[in-house]
Amino acid sequence: MPTPLQLITIAGISALGGAVNSIAGGGMLLVFPALVGLGVPPIVANATGTVALWPGSMGSLWGYRNAMRGARKWAIDLAVPSLIGGLIGAWLLLNTSSARFSALVPWLVFGGTILFLLQRPLSNWLLARSRAARGNVDEPAMATSSLPFPSPPMVFLLLQFAISIYGGYFGAGAGILMLFGLGLMGLTNIHQMNGLKNVCGGCFNAVAAITFATQHIVNWPIAGAMAVGAVIGGYFTSGLAQRAPQTLLRVVIGGIGLTASVWLLLHR
């Protein structure tokens, strides 16, 4: 059972993570290493973070509901491998020993950090493709559908299945992997892609969260403190999202992530 001081500290760290997510994304790269540093076992920290942060992903999904017009068939088809992959990823985590997961954690954090640092150039590339597909006409991206097929071919379903296994197992950086995968599938509407990403992420995170909760590896006091902190941090910094120096912030978060991966490697 965490002490009141630990819960206050975790809430404060999660508030910072929620603020970072509101401005630039990548908050879990701050929260997860901090939980481990406070003495939370890595598997418990991962499972607890998945449960605590899942409601926020549902809010993001609602925010992109208008961009999903015309993409219902894709959302339904991609949800199936996302649910199955997330369940397999969660099962793999439950069947990974604490020692093995502790050995993997530095590399998972390192990989998530690299993906986070690649997020902005990838987003710029996807936005450029979207504008090119519309003939460089300056119109809202969500007004143009970019679905290259009536439904995703099997190879794309398998790609989403593989990404969802990773998402159910650890998750940091899964969003950028999904955007990259959707780009490979030929989609160019960045808003539509974010909507599909949120559908898929909500699916594999939901089954992973339910699995972790039923297997009693979630620390509920910590999850509650994280959820409260993340909501507070996100709420009070939402107005800064357009004014914050995002490039500098991304460099700082990337540096923290890389430093955390080295620290975790030395203290496993």
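Guide: Let me begin with a definition: helices (H or I, at least four residues) and strands (E, at least two) are runs assigned by DSSP, numbered from the N terminus. What you see is a predicted model, in which local features need pLDDT of at least 70 and side-chain atom pairs count only at pLDDT 80 or more, while totals for chains, interfaces and linings use all residues. Residues are numbered from 1 along each chain as its sequence is written, and side-chain values use heavy atoms, with hydrogens and water left out.

Visitor: OK, how many helices and strands are there in the chain?

Guide: The chain has 10 helices and zero strands, so that, going by the DSSP runs, its pattern along the sequence reads α-α-α-α-α-α-α-α-α-α.

Visitor: And what share of the residues is buried?

Guide: Of the 268 residues in the chain, 48% are buried. Here buried means under 20% relative accessible area, exposed means over 50%, and partly exposed is in between, using a 1.4 Å probe and protein chains only.

Visitor: Which helix is mostly covered?

Guide: Helix α8 is one that is mostly covered, with 21 of its 25 residues buried. Helix α8 takes in residues 190–214 and reaches 36 Å from its first C-alpha to its last, close to the 36 Å expected at 1.5 Å a residue; the expected span is 1.5 Å times one less than the number of residues. After α8 comes histidine 216, which has a positive phi near 60°.

Visitor: How does α6 do on that span check?

Guide: Helix α6 has 16 residues, 154–169, which should span 22 Å, and its end C-alpha atoms are 23 Å apart, which agrees. The buried residues of α6 include Phe156, Leu157, Gln160 and Ile163. Another residue of α6 is glycine 168, which is buried at a relative accessible area of 2%. The C-alpha atom of glycine 168 is separated by 8.2 Å from that of leucine 93, although these residues are 75 apart along the chain. Just after α6, glycine 171 takes a positive phi of about 105°.

Visitor: Switching topic: how many aromatic pairs are there?

Guide: A search of the whole structure gives two aromatic pairs. Rings of Phe, Tyr and Trp (its six-membered ring) pair if their centres lie within 6.5 Å, and planes under 30 degrees apart count as stacked, over 60 as edge-to-face and the rest as tilted. Phenylalanine 32 and phenylalanine 170 have ring centres 5.3 Å apart and planes at 90°, so this pair is edge-to-face. Because phenylalanine 32 lies in helix α2 (residues 28–37) and phenylalanine 170 in the loop between α6 and α7 (174–184), the pair ties together parts that are 138 residues apart in sequence. Phenylalanine 32 is buried at 2% relative accessibility, and phenylalanine 170 is buried at 9%.

Visitor: What about phenylalanine 101 and tyrosine 169?

Guide: Their ring centres are 5.8 Å apart and their planes are at 65°, so this pair is edge-to-face. Phenylalanine 101 belongs to helix α5 and tyrosine 169 to helix α6, so the pair ties together parts 68 residues apart in sequence. Phenylalanine 101 counts as buried at 0% relative accessibility, and tyrosine 169 is buried at 11%.

Visitor: Which residues make the nonpolar surface patch?

Guide: Trp107, Phe110, Ile114, Leu117 and Leu118 make a nonpolar patch of about 460 Å². Patches are made of residues with over 30% relative accessible area and no salt bridge, where like charges are joined within 9 Å and nonpolar side chains (Val, Leu, Ile, Met, Phe, Trp, Tyr) within 5 Å; the areas come from the Shrake-Rupley method with a 1.4 Å probe, and for residues only the protein chains shown count as cover. Leucine 118 is found in helix α5, residues 98–133, and is partly exposed at 46% relative accessibility.

Visitor: You said salt bridge; how many does the structure hold?

Guide: The structure holds one, a salt bridge being a side-chain nitrogen of Lys or Arg within 4 Å of a carboxyl oxygen of Asp or Glu. Lysine 73 forms it with aspartate 77, with the closest N and O atoms 3.5 Å apart. Both residues lie in helix α4 (residues 72–94), four residues apart, which is about one turn of the helix. Lysine 73 is partly exposed at 46% relative accessibility, whereas aspartate 77 is buried at 17%.

Visitor: Last one: how many disulfides does a search find?

Guide: A search of the whole structure finds zero disulfides, a disulfide being a pair of cysteine sulfur atoms within 2.5 Å. For cysteine 200, the nearest cysteine sulfur is that of cysteine 203, 6.5 Å away, and that is too far for a bond. Cysteine 200 is buried at a relative accessible area of 2%, and cysteine 203 is buried at 15%.
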